[in-house]
Amino acid sequence: MGIVSRLIRPLALATVSALALAGCGTGSSGTSAGGSSGPITYWSMWKEGEPQQKVIAGAISDFEAETGIQVKVQWQGRSNTDKLVAALNTNNVPDIVDQTFAKLATVLGDPGQAKSLGDAYAADVEGSKVSALVPAKYSSLENIQNKDGQPWLIPYSLITDGIWFNAAKHPELVSAPPKDWAGFLALLDKIKSSGVAPIAADGDISGYNSMWFTTLMNRTGGTGSFRKLVSDRTGASWDDPAVLRVAQDVEQLVRGGYLIKGYDASKFPAQQQAWGAGKADLILNGSWIPAETKSYSAAGFQYGSFPLPGESAKAPLARTDFTGFAVPAKSKNAQAAQKLATYLLRKKYQDAFGSQATVLPVRSDAAVPDALKKAKESLDSASGIYLQNDGVTYAGYIEKVFGPLDDQLFLGKISSQEFVSQMKTAQIQYWKDKG
């Protein structure tokens, strides 16, 4: 199976002659010494009033006052990349956008529509290079690099996942979480015997369902295992006995009665609300779950988490996803746009992401909310990292091939063997259609 080194290569930074963005002087007209001029057009994934929006809006206000560069921001919400697809064929292209890695990769990164940001990574922010503020294990991921070896994404916050629980009820899981699949099953049996549902799951969210298989695949076989599996145009990779074992692990959760009653016919967020209320003890979810459930969690609820273990007790891998900035290749003010992106890496705003927006900032020295400290520890100590769906962004594959069949497996409609067989057939057809 794949290993971390297969997915990474050295980060190519700008040459000495490249413009150091943060060192550029800027006049009151908004024109920098490097020739970039405002105003910058920014299409944001956030809507007004959201915690992240408030942090970024404050940073923009400071940026404009300090640099004289005007930022014309549109708080478009999560559909901003959908609008960008159409805009890329016109002259009405924003100078900078932010989104999650998966959405930016599909629209800008994979098609080669994103500007290389080596200059930005070579820039200085409060006495440190951006390349030092964004940990190398993130910036060196091949998934966020253009063909020239330079990154096209500057992350400002991170997402990870884990098995979440109420630490006030289960303090033993804080100090001694299960380290392998057998230990995890033993925990589920113990919870089940107490009369409480072991696992809550909103079965109508395909992305949540798929986390079980993709996470177990990578944490059993190593980083790149899922990507290697689905990249095989012959489909023969689905014949690997290790793949069937992972599917059987997922099936075991279903057949063993470990999932909360009604999960297979629920409507989000019914089951995560049930988890927050104490009707189930565990939930596999992202690091956004404390913020999402805080308003309805039981009194005294203390958020804890541990990595979903694979079959062995080896040091687990960690999923890491980025929310960050990309600059379209057609940007008319690319230099100033990069300067804005690096501005959000100042410690003031990174601390605000942690303390006010309650998300994981990308800087390792920034504030981390209490609810996410265990998740951050797992991320920092992981032997390797992988992106959502192992970085698979093949057009339509997750949504039309893997997701629907994985849903049937997780909802108990097909067996593990049927899942593997049907996935092989569907994958062969997918790649055949691609030519």
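The dialogue below goes from the whole chain to single residues.

Biologist: What kind of model is this?

Modeller: It is a predicted model. The protein chain has 19 helices and 14 strands.

Biologist: Why is the protein chain called as compact as a globular protein of that length?

Modeller: Its radius of gyration is 22 Å. The globule rule gives 22 Å for 435 residues. The two values are close, so the chain counts as compact as a globular protein of that length. Along the principal axes, the C-alpha trace spans about 70 × 55 × 35 Å.

Biologist: How much of the protein chain is buried?

Modeller: Buried residues make up 55% of the 435 residues. To count as buried, a residue must have under 20% relative accessible area. The accessible surface of the chain comes to about 17300 Å². Carbon and sulfur atoms hold 52% of that surface.

Biologist: What share of the contacts joins residues 24 or more positions apart?

Modeller: Their share is 78% of the contacts with a separation of 6 or more.

Biologist: How many positive and negative side chains does the protein chain have?

Modeller: There are 43 positive and 41 negative side chains. The centres of the two sets lie 2 Å apart.

Biologist: Now single residues. Why is aspartate 161 called buried?

Modeller: Its relative accessible area is 7%. The cut-off for buried is under 20%. Since 7% is under 20%, aspartate 161 is buried. Aspartate 161 sits in strand β7, residues 161-166.

Biologist: What makes the pair of aspartate 161 and arginine 219 a polar contact?

Modeller: Their side chains are joined at 3.3 Å. A polar contact needs a pair of N or O atoms within 3.5 Å. One atom must be able to donate a hydrogen and the other to accept it. The distance of 3.3 Å is within that limit, and the pair is counted as a polar contact.

Biologist: Which other residues does aspartate 161 touch?

Modeller: Leaving out residues up to four places away in sequence, they include Met211, Thr215, Asn285 and Arg319.

Biologist: Take threonine 215 from that group. How do you know whether threonine 215 is buried or exposed?

Modeller: Its relative accessible area is 2%. That is under the 20% cut-off, so threonine 215 is buried. Threonine 215 lies in helix α10, residues 206-221. Beyond four places in sequence, it touches Asp161, Leu308 and Tyr386.

Biologist: What makes threonine 425 an exposed residue?

Modeller: Exposed means over 50% relative accessible area. Threonine 425 has 53%, so it is exposed. Threonine 425 lies in helix α19, residues 416-434. Threonine 425 and alanine 367 are 58 residues apart in sequence. Their C-alpha atoms are 47 Å apart in space.

Biologist: Why is serine 364 called exposed?

Modeller: Its relative accessible area is 58%. The cut-off is over 50%, so serine 364 is exposed. Serine 364 is in the loop between β13 and α17.

Biologist: Why is threonine 358 called partly exposed?

Modeller: Its relative accessibility is 31%. Buried needs under 20%, and exposed needs over 50%. The value of 31% falls in between, so threonine 358 is partly exposed. Threonine 358 is in the loop between α16 and β13. Its phi is near 50 degrees, a positive value in a residue other than glycine.

Biologist: Where is glutamate 126, and what is its phi?

Modeller: Glutamate 126 is in the loop between β4 and β5. It has a positive phi of about 50 degrees, although it is not a glycine.

Biologist: What does the side chain of glutamate 126 reach?

Modeller: It reaches the backbone nitrogen of lysine 347 at 3.1 Å. Apart from neighbours within four places in sequence, glutamate 126 is in contact with Arg346, Lys347 and Arg363.

Biologist: Which residues of helix α4 are buried?

Modeller: They are Phe101, Leu104, Ala105, Val107, Leu108 and Gly109. These buried residues pack against α3, β3 and β12.

Biologist: What is the peptide bond from phenylalanine 268 to proline 269 like?

Modeller: That bond is cis, with omega near 5 degrees. Proline 269 lies in the loop between α12 and α13.

Technical notes
Residues are numbered from 1 along each chain as its sequence is written. This is a predicted model: local features need pLDDT of at least 70, side-chain atom pairs count only at pLDDT 80 or more; totals for chains, interfaces and linings use all residues. Side-chain values use heavy atoms; hydrogens and water are left out. Helices (H or I, at least four residues) and strands (E, at least two) are DSSP runs, numbered from the N terminus. The radius of gyration is taken over C-alpha atoms; the globule rule is 2.2 Å times the number of residues to the power 0.38. Buried means under 20% relative accessible area, exposed over 50%, partly exposed in between (1.4 Å probe, protein chains only). Contact means heavy atoms within 4.5 Å. Accessible areas come from the Shrake-Rupley method with a 1.4 Å probe; for residues, only the protein chains shown count as cover. Lys and Arg count as positive and Asp and Glu as negative; His and the chain ends are not counted. The place of a charge is taken as NZ of Lys, CZ of Arg, CG of Asp or CD of Glu.
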